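This report looks at charged and aromatic side chains. Please keep the sequence and the 3D view open while reading.

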Amino acid sequence: MPNFIPLHIHTGYSFLESGILLERLFDVAQKYNYSYLGITDFDVMYGFPEFNALAKKNNIKPIFGVDLKVDENRISLFVKNETGYKNLTKIIAFKNKAKLDGFSLKLNDIKDSCDGLICVVPTEENEFFKTINDETRTKMFEFCKVFENIFIGISEYSVEEISHLKLIMDFAKEYSYSTLPFPNILYLNKDEAIVLDILDAIKRNTTIEEDIKPTHLKEYLKNFHEYTDYYPVESQLIFDDFLKLIDFDFDTKRGELINFSENEDSKDIFIEKIKEGAKLRGIDLNVPAYKNRLNHEYKVIKNLGYINYFLVVQDY
């Protein structure tokens, strides 16, 4: 199993927060030989379909997640199974409604919709990890009461911050939390850091100087060895446990169209409607050109499962 997976990737679907386009992401992932990728855009799932399609095209396994602020704390929720996917859609819908109503999302709001989700709590994005104390213990315990599967996501720290990283690792060990390498990834190449400053200027409706020095220097996608050389070996081994939790296929068919009739076979009704329509328009269905064309269109509609749909909307 892999010793590192880029899980905490934000794409252009995180509006004005990331410089990553999905097509380019997969180009770089192929260059670095990554076999798994995870996305965690802020508050949205819009990127899932394109992410899934490109993952299939590039023979890379996709992992679906979202970043959220809950009780003013940042968490990443990953889809574990079909139940988790449905619950994540509920949470996002609730988040959007709360935002429209002028409220922030609370952990209590989503506690009944957490089945099938994996929670990763990133260290750098949360104030309660700035100092390891009673608040750290309390916050993590609150998340544990709601989520069955929870990890501490270890962010990237500078050389000067290594002592703090050790405190986090000691805390995780003392309270039996699994730690997962979880660097924040907002752009693809080291020389593209300025993109984040440009996005920030757009967000604040300001300008930037031509000779400005980038302020985000580490949030780019690195190669496998750069990550494995940095993170403790015991954290790298946790990716195996993380992947074993996931059993999800984005392409699963969800929901069905309603039946046009409870008493009659929809196919028989559809065929009769076709005959009526042809007669009304003076079309002779014994003419090979008409017959062959009609048979072709009927098979397409039938194979796609749209017979009931056409019957329902026939009056529009």
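## Aromatic groups

Phe4, Tyr32, Tyr34, Tyr227, Tyr230, Tyr231 and Phe239 form one aromatic cluster. Rings of Phe, Tyr and Trp (its six-membered ring) pair if their centres lie within 6.5 Å; planes under 30 degrees apart count as stacked, over 60 as edge-to-face and the rest as tilted. The whole structure contains 26 aromatic pairs. In one of them, the ring centres of tyrosine 187 and tyrosine 220 are 6.0 Å apart, with planes at 40 degrees, so the pair is tilted. Tyrosine 187 sits in the loop between strand 6 (178-181) and helix 7 (194-204), and tyrosine 220 in the loop between helix 7 and helix 8 (224-230), so the pair ties together parts 33 residues apart in sequence. Helices (H or I, at least four residues) and strands (E, at least two) are DSSP runs, numbered from the N terminus.

Both tyrosine 187 and tyrosine 220 are buried. Buried means under 20% relative accessible area, exposed over 50%, partly exposed in between (1.4 Å probe, protein chains only).

## Basis of the model

The model is predicted: local features need pLDDT of at least 70, side-chain atom pairs count only at pLDDT 80 or more, and totals for chains, interfaces and linings use all residues. Residues are numbered from 1 along each chain as its sequence is written, and side-chain values use heavy atoms, leaving out hydrogens and water.

## Charges over rings

Lysine 222 lies over the face of tyrosine 220, 4.0 Å from the ring centre. Arginine 254 lies over the face of tyrosine 85, at 4.3 Å. Such a charge has NZ of Lys or CZ of Arg within 6 Å of the ring centre and within 35 degrees of the ring normal.

## Salt bridges

There are 15 salt bridges (a side-chain nitrogen of Lys or Arg within 4 Å of a carboxyl oxygen of Asp or Glu). One joins aspartate 251 to lysine 56, with the closest N and O atoms 2.9 Å apart. This pair links distant parts of the chain, 195 residues apart: lysine 56 is in helix 2 (residues 48-57), aspartate 251 in the loop between helix 10 (238-244) and helix 11 (266-280). Aspartate 251 is partly exposed at 41%; lysine 56 is exposed at 56%.

Aspartate 170 and lysine 166 form another, at 3.1 Å from N to O. They are four residues apart in helix 6 (residues 162-174), about one helical turn.

## A buried arginine

Arginine 74 lies in strand 3 (residues 73-79). Arginine 74 is buried yet has no salt bridge; aspartate 67, the nearest side chain of opposite charge, is 4.3 Å away. Lys and Arg count as positive and Asp and Glu as negative; His and the chain ends are not counted.
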